[in-house]
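Reader: I have just opened this one and would like to go through it with you piece by piece.

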Amino acid sequence: MPSIALNFGQAGPLVQVVIGLSVPHRDALQKAGKTLPVPVTGTFLIDSGASGTCVDPAFVAPLSLIPTGSVTIQTPSTNGSGHVCHQYDVSLIIPNGNPAANPLVIDAMPIMETALRSQGIDGLIG
């Protein structure tokens with residue numbers, strides 16, 4: 001059973017996360033002989049009340065992601081109205097605190113882009 005090491009900050013349970021291209025996107029770029037962007041590492045809040053995983057646009061900008069669609073989300077700051085966000089497919093890795101154990105790896109998953117850096121985090125895991 002995978003496990004992760006958490007830090008508890010003022011915002012709540014925090015974990016280091018590595019975001020990169022989804023495996024299918026990475027494989028397509030490699031086949032085309034393109035240079036792959038370096039994955040990015042950031043601090044994510046684990047939010048059990050969130051229905052999806054979100055990232056700050058500045059955090060994923062180095063990956064030059066192409067939106068796969070858009071989704072409307074509601075947050076406490078949108079006061080009941082929707083906020084349209086780009087959606088992307090990425091890979092997600094949560095390193096394990098124990099070097100002898102394997103990290104949690106998700107090869108392809110959808111994420112939403114929304115402003116989070118003002119809250120002191122690069123993303124949230126919902």
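This is a predicted model: local features need pLDDT of at least 70, side-chain atom pairs count only at pLDDT 80 or more; totals for chains, interfaces and linings use all residues.

Author: A term to begin with: two strands pair if DSSP finds at least two bridges between them, and strands (E, at least two residues) and helices (H or I, at least four) are DSSP runs, numbered from the N terminus. Residues are numbered from 1 along each chain as its sequence is written, while side-chain values use heavy atoms, with hydrogens and water left out.

Reader: What about E2, how many of its residues are buried?

Author: Eight of the ten residues of E2 are buried, so the strand is mostly covered; buried means under 20% relative accessible area, exposed means over 50% and partly exposed lies in between (1.4 Å probe, protein chains only). E2 pairs with E3 in the antiparallel sense over six bridges, and Val15 has Phe44 as its bridge partner in E3. E2 also runs antiparallel to E6, to which four bridges join it, with Ile19 opposite Leu92.

Reader: Stepping back, in what order do the elements run?

Author: The protein has two helices and eight strands, and from the N terminus on the order is β-β-α-β-β-α-β-β-β-β. Of its 126 residues, 34% are buried. Among contacts (heavy atoms within 4.5 Å) with a separation of 6 or more, 60% are between residues 24 or more positions apart.

Reader: Where is confidence lowest?

Author: Confidence is lowest in strand E1 (residues 7-9), at a mean of 68, and highest in helix H1 (residues 23-31), at 94. For the protein, the mean pLDDT is 86, and 88% of the residues reach 70 or more.

Reader: Now the inside. Which residues touch the most other members of the largest nonpolar core?

Author: Val17, Ile19, Phe44, Phe59, Val60, Leu65 and Val90 touch the most other members of that core, which has 18 residues; a nonpolar core is a set of buried Ala, Val, Leu, Ile, Met, Phe, Trp, Tyr and Cys residues joined through side-chain atoms within 4.5 Å. Strand E2 (12-21), strand E3 (40-46), helix H2 (57-60), strand E6 and strand E7 each give two or more residues to this core. Apart from it lies another core of nine residues, including Cys85, Leu116, Ile121 and Leu124.

Reader: Asp122, then: buried or exposed?

Author: Asp122 counts as buried because its relative accessibility is 13%. Asp122 sits in the loop between strand E7 and strand E8 (123-125). Leaving aside neighbours within four places in sequence, Asp122 is in contact with Gly42, Thr43, Phe44, Val55, Asp56, Phe59, Leu116 and Arg117.

Reader: Last topic, the loop between H2 and E5. Which residue there is partly exposed, with a relative accessible area of 48%?

Author: That is Pro62, which has its place in the loop between H2 and E5. Pro62 touches Pro37 and Val40, not counting residues up to four places away in sequence. Pro62 and Val40 are 22 residues apart in sequence, with 7.7 Å from C-alpha to C-alpha.

Reader: And Ser64, what is its phi?

Author: Ser64 has a positive phi of about 50 degrees although it is not a glycine. Ser64 is found in the loop between H2 and strand E5 (69-73), and with a relative accessible area of 57% Ser64 is exposed.

Terms used. pLDDT is the predictor's confidence in each residue, from 0 to 100.
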